[in-house]
Amino acid sequence: VRDMDYDFASDKYTGDPLSLLSNHLFQNHQIIDMAYQAEPDSILWCVREDGMLLSLTYLREQEVVAWAWHDTDGEFESVWSVPGETYDEVWFVVKRGNERFIERMVQRMVSEDPRDQFFVDCGLTFDVPVVITGISSAAEAVVTATDHGFSDDDLVDISDVEGMIEVNDLRFKVSDKTDNTFKLKDPDDDTYIDSSEYETYVSGGKVRKAETTISGLDHLAGQTVVALADGNVVEDLLVNENGEITLTTAASRVHAGLPYTSDLETLNIELNLATGTTQGRLLRIPSVEFKFLNSRGGWIGPDEDNLDEIIQRIDEALGSPIDLITDSYEQPISGDYKKGGNVFFRQTDPLPVTILSVIPRVCVGD
């Protein structure tokens, strides 16, 4: 895989063999299909003959040229890129067992809300928002939502209301429903919600039904999947023969699919000391600082066998999803002196991680 550019000094086209940067990904392998995604990131996607997917992030003007490899429960067979409304959509043919799936890679980070993150393979989103057009200020709050389709005793979540913000991000029970209205009850004590002293409703808002049984996963019947349910990770969910999974806690926004693990390992640390280079010398990393952008979750350590989980919950209310963080995070690392001085990061949750920098503290031994 090469790039090509015109060199005015020599008056000819020149190029570099980009595959040499990660030659181990190409030895004894062949690229059988590739597609270029220009927006939102400049990435070349390449499919190997053994079903492995490679990606080349290519930003020459920023001096970013980097390969990564991606596997899944199955084999990638083909890739192509199609211009979409807001980004270049990347589509794959994936062989899983005796079946083939046409899958689209979703746009990354469509919002910073932890409940909207989609980081699973071969998955689906279960999110059916109903538009609210009014909420009364009364001893028994009445919600107006045309053709809402709810039934009495349904659990619903309300969000994005302007004005009467007291009802946002809370769960209620439906009562006294009509085709276009319903009253709100407290699901804990079954009493009507008194909104008479709330702020006056202005506009907007969405209401979603919360359920414990999520259907529609027929294509993954018999598989064990992971779900992000209202921003909370739920693991080891078995899809039954009817394509259903059962959550222990009802949720109104669920993304469910096959889990995958993302790993990052730094290169060997090379320092110039007064006594010479650190090459060949023993190093220890007592702590490391990561700078994250809109991230959540992860494990840090000196290698994949010695990892400590990042402490996530800070000041969020109990029961609410943990927010994505944009901040620095320092983690102590246990381990002895060894050659290289690498730092290992692993993400196992269906959540986003963007690492801006890795800053290790280095102790040099003999």
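Asp230 is placed in the loop between strand E18 (224–229) and strand E19 (232–238), where strands (E, at least two residues) are DSSP runs numbered from the N terminus. The model is a predicted one, in which local features need pLDDT of at least 70 and side-chain atom pairs count only at pLDDT 80 or more, while totals for chains, interfaces and linings use all residues. Residues are numbered from 1 along each chain as its sequence is written, and side-chain values use heavy atoms, with hydrogens and water left out.

Asp230 has a phi near 55 degrees, a positive value in a residue other than glycine. Asp230 is buried, with a relative accessible area of 12%; buried means under 20% relative accessible area, exposed over 50%, and partly exposed in between (1.4 Å probe, protein chains only). A positive phi, of about 60 degrees, is also found in Asp190, which is not a glycine. Asp190 lies in the loop between E16 and E17 and is partly exposed, with a relative accessible area of 38%.

The loop between strand E16 (181–185) and strand E17 (206–214) also holds Tyr198. This tyrosine, Tyr198, is partly exposed at a relative accessible area of 27%. Apart from neighbours within four places in sequence, Tyr198 is in contact with Met164, Glu166, Val167 and Ile193, contact meaning heavy atoms within 4.5 Å. Between the C-alpha atoms of Tyr198 and Val130, which are 68 residues apart along the chain, the separation is 22 Å.

In another loop, between strand E3 (31–37) and strand E4 (43–48), lies Pro40. Pro40 is joined to Glu39 by a cis peptide bond, with omega of about 5 degrees.

For the protein as a whole, the secondary structure comes to 31 strands and zero helices, a helix being a DSSP run of H or I with at least four residues. The C-alpha atoms fill a box of roughly 75 × 45 × 45 Å, taken along the principal axes. Of the 366 residues, 39% count as buried. Among contacts between residues at least 6 apart in sequence, 61% join residues at least 24 apart.

The protein exposes about 20300 Å², of which carbon and sulfur atoms supply 47%; accessible areas come from the Shrake-Rupley method with a 1.4 Å probe, and for residues only the protein chains shown count as cover. Val82, in strand E7 (residues 75–83), is partly exposed, with a relative accessible area of 32%.
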